[in-house]
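Trainee: I'm new to this one. Could you walk me through it with some questions and answers?

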Amino acid sequence: MSLALAGCAVPDGGPAAAATNASATTPAEMTYGFGTLATPSELAAFRSPLPDGRGLPAGRGSVAQGQALYQQRCLACHGINLEGSIGDRLIGGRGSLVNRDPGKAPVKTVESYWPYATTLWDYIKRAMPMDAPGTLTDDEVYAVSAYVLSRANIVPADTTLDAQSLAAVRMPNRDGFIADPRPEAFPPAPRPSAARSADGG
Ligand code: HEC
């Protein structure tokens with residue numbers, strides 16, 4: 001795959017070259033003579049769906065289809081009851097993240113910890129099965145996500161998931177996260193277009 005980081009490989013005469021001149025080249029506009037611009041289809045592989053479902057592809061899959069797929073592609077590492085072995089435990093632990101008993105370690109799973117079902121879809125699509133990541137179709141990812149969520153008692157066993165219904169799933173720990181209230185610790189990222197017009201535009 002030939003990929004270039006945005007801003008590292010702008011071809012001569014490209015939009016950035018047209019917008020600048022030799023005496024006012026910003027670091028973001030410098031070229032190094034290697035790489036090619038990533039194509040839209042190459043970039044598409046790097047896009048994640050948002051929690052509200054934007055960016056999810058078409059497709060659908062049922063719990064039953066997901067169960068068959070799980071047995072073929074996931075069970076060896078995650079266990080027949082999703083209890084984990086080589087791979088992580090996927091279900092259980094609900095309510096264990098916050099407790100007052102120092103002897104009880106939190107049990108972090110998809111069921112107890114993850115705030116959005118769209119993250120589950122995205123993670124499986126990119127990273128699982130770990131021995132062959134990226135080999136599942138979109139339909140298969142909907143199906144196996146539905147199966148994991150049903151074993152976690154988050155969706156009923158007769159569920160079929162698609163972009164709309166996946167985004168509508170309410171995860172048990174959805175409200176267990178707080179935003180960092182310190183803007184000075186995590187300032188908003190500068191916007192490249194604003195930097196360019198301040199430089200010379
Ligand atoms: C070859 C072993 C293997 C197979 C097969 C496999 N996994 Fe995994 N899985 C892992 C390992 C190891 C991790 C932990 C990865 C890490 O933490 O970086 C993991 C992590 C995960 C997680 C994240 C759990 C968490 O809470 O962080 C999910 C969800 C998951 N796998 C789902 C699946 C699904 C669905 C399949 C089948 C399509 C599958 N896995 C197949 C080994 C495997």
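Trainee: Let's start with asparagine 81: is it buried or exposed?

Mentor: Keep in mind that we're looking at a predicted model. Asparagine 81 sits in the loop between α4 and α5. Asparagine 81 has 12 other C-beta atoms within 10 Å, so it is exposed.

Trainee: How far apart in space are asparagine 81 and arginine 151?

Mentor: Along the sequence, 70 residues separate asparagine 81 from arginine 151. Going from C-alpha to C-alpha in space, the two are apart by 8.2 Å.

Trainee: And leucine 82, is that buried or exposed?

Mentor: Leucine 82 is also placed in the loop between α4 and α5. Its phi is near 60°, a positive value in a residue other than glycine. Most residues other than glycine have a negative phi. As for its surroundings, the cut-off for burial is 20 or more other C-beta atoms within 10 Å, and leucine 82 has 22 C-beta neighbours inside 10 Å, so it counts as buried.

Trainee: Where is asparagine 153, and how exposed is it?

Mentor: Asparagine 153 is in the loop between α7 and β2. Here too phi is positive, near 55°, in a residue other than glycine. Counts between the exposed and buried cut-offs are called partly exposed. Asparagine 153 has 13 other C-beta atoms within 10 Å, so it is partly exposed.

Trainee: Which residues does glycine 93 contact, leaving aside its neighbours within four places in sequence?

Mentor: Glycine 93 lies in the loop between α4 and α5, and because 20 other C-beta atoms are within 10 Å, glycine 93 is buried. Tyrosine 113 is 20 residues from it in sequence, with 8.5 Å between the C-alpha atoms. With those neighbours left aside, the contacts of glycine 93 are Val107, Lys108, Thr109, Glu111 and Ser112.

Trainee: Which element gives the most to the largest nonpolar core?

Mentor: That core holds 34 residues, and those with the most contacts inside it are Ala117, Val144, Ala146, Val148, Leu149 and Leu166. The elements giving two or more residues to this core are α3, α6, α7 and α8. With 8 residues, the one that gives the most is α7.

Trainee: How do α3 and α7 sit relative to each other?

Mentor: Their axes are 7 Å apart, at an angle of about 95°. Angles of 65 to 115 degrees count as roughly perpendicular, so α3 is to α7 roughly perpendicular.

Trainee: How many nonpolar residues are in the contact of α3 with α7?

Mentor: On the α3 side, the residues that meet α7 include Val63, Leu69 and Tyr70. Ala143, Val144 and Tyr147 are among those on the α7 side. Sorted by class, the contact has 4 polar residues, 1 charged residue and, for the class you asked about, 7 nonpolar.

Trainee: Last topic: which residues come nearest to the ligand?

Mentor: There are 20 residues around the ligand, and by class they are 14 nonpolar, 3 polar and 3 charged. α4, α6 and α7 each supply at least two residues of that shell. The ones that come nearest are Cys74, Cys77, Gly87, Pro129 and Met130.

Notes. Residues are numbered from 1 along each chain as its sequence is written. This is a predicted model: local features need pLDDT of at least 70, side-chain atom pairs count only at pLDDT 80 or more; totals for chains, interfaces and linings use all residues. A residue is near a molecule or strand if its C-beta atom, placed from the backbone, lies within 6 Å of it. Helices (H or I, at least four residues) and strands (E, at least two) are DSSP runs, numbered from the N terminus. Ala, Val, Leu, Ile, Met, Phe, Trp, Tyr, Cys and Pro count as nonpolar, Asp, Glu, Lys and Arg as charged, and the others, Gly among them, as polar. A nonpolar core is a set of buried Ala, Val, Leu, Ile, Met, Phe, Trp, Tyr and Cys residues joined through C-beta atoms within 7 Å. Axes are lines fitted to C-alpha atoms, for helices over the stretch in contact, and angles run from 0 to 180 degrees between N-to-C directions. Angles under 35 degrees count as roughly parallel, over 145 as roughly antiparallel, 65 to 115 as roughly perpendicular and the rest as oblique. Two residues are in contact if their C-beta atoms, placed from the backbone, lie within 7 Å.
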